[in-house]
Amino acid sequence: MDSPAPLPPLKKLADYRPPDWLVPDVSLRFELDAERTLVHARLGVARNGAHARPLLLDGEGLELLALSIDGVAQPLPNAGPDGLTLALAGDAAVIETVVAICPSANSRLMGLYASGGNLCTQCEAEGFRRITFFPDRPDVLSRYHVRLEADAARYPVLLSNGNPAASGGLPGGRHFAEWDDPHLKPCYLFAAVAGDLSALEDSFITQSGRTVKLAVWVARADVPRCRHAMESLKQAMAFDERVYGREYDLDVFNIVAVHDFNFGAMENKGLNIFNAKYVLADHDTATDWDFDAIAGIVAHEYFHNWSGNRVTCRDWFQLSLKEGFTVFRDQQFSAAMGSPAVKRIEGVRSLRGGQFPEDSGPLAHPVRPDSYMEISNFYTATVYDKGAELIRMIATLLGPQAFRRATDRYFEVNDGRAATVEDFLSAMAAEGLDSAQFRRWYEQPGTPHVDVEARHDEAARRLELTIRQANDKAGADAPPLPIPFNLAVFARDGRKLHERTDLVLREAVTSLVLDDVAEMPILSLNRGFAAPIIARPPPPRVALMTLAAHEDDPFARYEALQQLMLSALVESIADGAPAGGADVATAVAATLAGWEADPALVAESILLPTEALVGDQMAEVDPVAIHAAREGLRKALLDALGPTLWDIWHQCGTAGDDLSPRAKGLRRLRAVLLGLLMARDDHDATAAAFLQFTDATSMTDRMSALTALSHSNAVERDEALKLFHQRHEALPEVLDKWFLVQAGSTRPDTRAVVEHLASHRQFDPRNPNRLRALILGFAMNQTRFHDVDGLGYALLSRHVLEADRINPQSAARLVQPLTRWRRLARPFGELMQRELAHVAGRPGISKDLTEVVSTGLK
């Protein structure tokens, strides 16, 4: 077995020290060129406090050409691997440097890099040090003046943060643009773009009457597909004024879309840079999910203008301070724009699919980590999604009006500052939050379990509940958390007897007595998913059928049907017999009977739990048994409900391409029904799926049909894939869907297909979107990734090592499915562990990858 790479040193929250030097003012001049860009930096630095420590300027991959201090040229020092160290005599100085960088060679996509003939930047978390020497940490706040110079023909558009200050021509066919940002910001929010771009332009009038110029910059041919992003931006600006009282503070707001990007988008002050897949959309190229994702991410990045930019984070341990809060804000926005119930279900499904496994595995960490090796590895579901759940609980505990007053206080007190979780909780405490106890949510890893024991006294008509909370990851001695815990009590005939929406569990054990309960009732726990916990035990299956029929909380009704399906699947796996689908079919039929009232909610409710979620219910995960049980339940539902499924599928075909919530719900239900109808891969179903594919007037219907066909052995599958490629091969963000749908197929030949597609002329491992679509898409395929020969794991490890040579951040994300080996049955777990150890033992792997694989092997 290969020897693991040495571990990089840990950075610890406990070691935080304020910056020794501040940089109030920064002037940058760029002589832009894809092969060799010169960056002239002028830093006004000031000693922070009484000390004699030198000025440390981070730098990575920079060629230092000139250095001066207070106008006096200095001999060029040998920059170390981490940057420059300058001993300064006084309390203030002006440091000027000139460095050279090569954007075209920057495959890490951090710093200044080339994408599609344009130049753009990505500086969060530590990319600015790849542009110029600077104290690259979020608590150094500066005002920036930026001058961009470039060839006018190749780069006619020059953008940066803030407001435009000047522009004009230069000799030699070059030109310049100057930008001033009046607001203090950390260097991770610096941005610059140069390229041959066109804009969809619009404007927004703020609540104080100012007109803000808006522009979405893309390739000229893509301008018509920016309208949804622009409308989403204006809706987000109005929402933030209405709900949080936050007005935009610059004269312009620019969005730029690029195809090579490590993340979804970046909230740089006044110049958001987006992954193109989260900007470009029309009915022919984007699904309903795409439209919703664009709206949510545009809103997310805009909301960062206050929760992240005006108030930033003191250090990267506080990352959830900006990300968790902003995810909660974008979830509120998405709920307001569509169905609150469906958005809540989607959010919880995402949490359970990504964050709960993270919390139960080797990569578990608190929402505010206490240490890390490489900060890029902590842009996690825990920081974002669980962090958002923490804010949601605070909003619940305080109530809407008090929460609004508390957020106003947080913004006003911390405007222009680099803040901490304690600063946020202090603002919440002013409105009554017990911040000392709530802070435990930020400090404890793991998902709490809440166990409810019920005792019924028939003579006294009394129900006594003993509610215990525990968190295995936090340890037996971990202090209790404050947990909002909504519950209801139902009679066996479906009547609701009691409802509690004000219950907060603050102790390890809580007792509750409910009177006038004539019989042992049915308990509905954690209604609305009021807290990110696992409530136990689930009701018996007969009780779940009652809740699925009578619960008036939409999430709880959805949850009851999902738990019923999970129970049937887990029982099937344990017994080694086909899933008993009679009670599930009865409950699904009852749910479908009301499909016209809310097709979207019905679609989410009858959607079978994913194979990954089924595995999360088991102590030892057998992927083969899980797939067999789930397929058995699909077939049982088709056999029991076939005529009903066909009838509703036909009726849902009238939605067209309308983006109203109802039309989206009809398309969603039609997709879920088609998945059930294809359970036996018969001629009628494949013919219907192919007809839906060819006749589709929206990408949603086209993709749901293609997805259903992707698992089929029928000739229509290959024809549909060919037609899709012919129609969309020129659009990168759409072609990603073509790669992804094949990587997710349950056909036995999927691994071989993925190997073949990895050599396809349009597969580029340097592009994170394409790499995620094909390789991570395959790794998330619970059926074929876990083939018993282990070749799926070997495929992933090869691509991880290849990606690490190009872009360590991509590699560190790509390898994470291999870290879940512990809970898999033999031989899967052993084969996974072997491949993870192989990656860990490869000499020269990045510190990004080293941290993930070493933690995964512990």
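This is a predicted model: local features need pLDDT of at least 70, side-chain atom pairs count only at pLDDT 80 or more; totals for chains, interfaces and linings use all residues.

Helix H14 covers residues 623-651, and its end C-alpha atoms are only 35 Å apart, whereas a straight helix of 29 residues would span 42 Å at 1.5 Å a residue. Within H14 there is a kink of about 85° at leucine 641, a position shortly before proline 643. At the start of H14, aspartate 622 places a side-chain oxygen within 3.1 Å of the backbone nitrogen of valine 624.

Helix packing can be considered next. Two packed helices are described by the angle between their axes and the distance between the axes.

H14 has a packing partner in helix H11, which comprises residues 582-592; the two axes lie 10 Å apart and the helices meet at an angle of about 20°. Because angles under 35 degrees count as roughly parallel, H11 and H14 are therefore described as roughly parallel to each other. Their crossing is right-handed. On the H11 side the contact is made by Val584, Ala585, Val588, Ala589 and Leu592, and on the H14 side by Leu633, Leu637, Ala640, Leu641, Thr644, Leu645 and Ile648. An α-helix has 3.6 residues a turn, so residues three or four places apart point the same way.

A second pair is formed by helix H9, residues 541-550, and helix H10, residues 554-575, whose axes come within 8 Å and cross at roughly 155°. Since angles over 145 degrees count as roughly antiparallel, H9 and H10 are therefore roughly antiparallel to each other, and their crossing is left-handed. From H9, the residues Arg541, Leu544, Met545, Leu547 and Ala548 take part, and they meet Arg557, Ala560, Leu561, Gln563, Leu564, Ser567, Ala568 and Glu571 of H10.

Proline 537, in the loop between strand S32 (534-536) and H9, is joined to arginine 536 by a cis peptide bond with omega near -10°. Another cis peptide bond links glutamate 124 to alanine 125, with omega about 5°; alanine 125 is placed in the loop between strand S10 (118-122) and strand S11 (141-151). Finally, aspartate 70, in the loop between strand S5 (63-69) and strand S6 (72-73), has phi near 55°, a positive value in a residue other than glycine.

Definitions and conventions:
Residues are numbered from 1 along each chain as its sequence is written. Side-chain values use heavy atoms; hydrogens and water are left out. Helices (H or I, at least four residues) and strands (E, at least two) are DSSP runs, numbered from the N terminus. The expected span of a helix is 1.5 Å times one less than its number of residues. The bend at a residue is the angle between axes fitted to the seven residues ending there and the seven starting there. A polar contact is a pair of N or O atoms within 3.5 Å; within protein, one must be able to donate a hydrogen and the other to accept it, and residues adjacent in sequence count only if both atoms are side-chain atoms. Axes are lines fitted to C-alpha atoms, for helices over the stretch in contact, and angles run from 0 to 180 degrees between N-to-C directions. Angles under 35 degrees count as roughly parallel, over 145 as roughly antiparallel, 65 to 115 as roughly perpendicular and the rest as oblique. A crossing is left-handed if the near helix is turned anticlockwise from the far one by less than a right angle, and right-handed if clockwise. Contact means heavy atoms within 4.5 Å.
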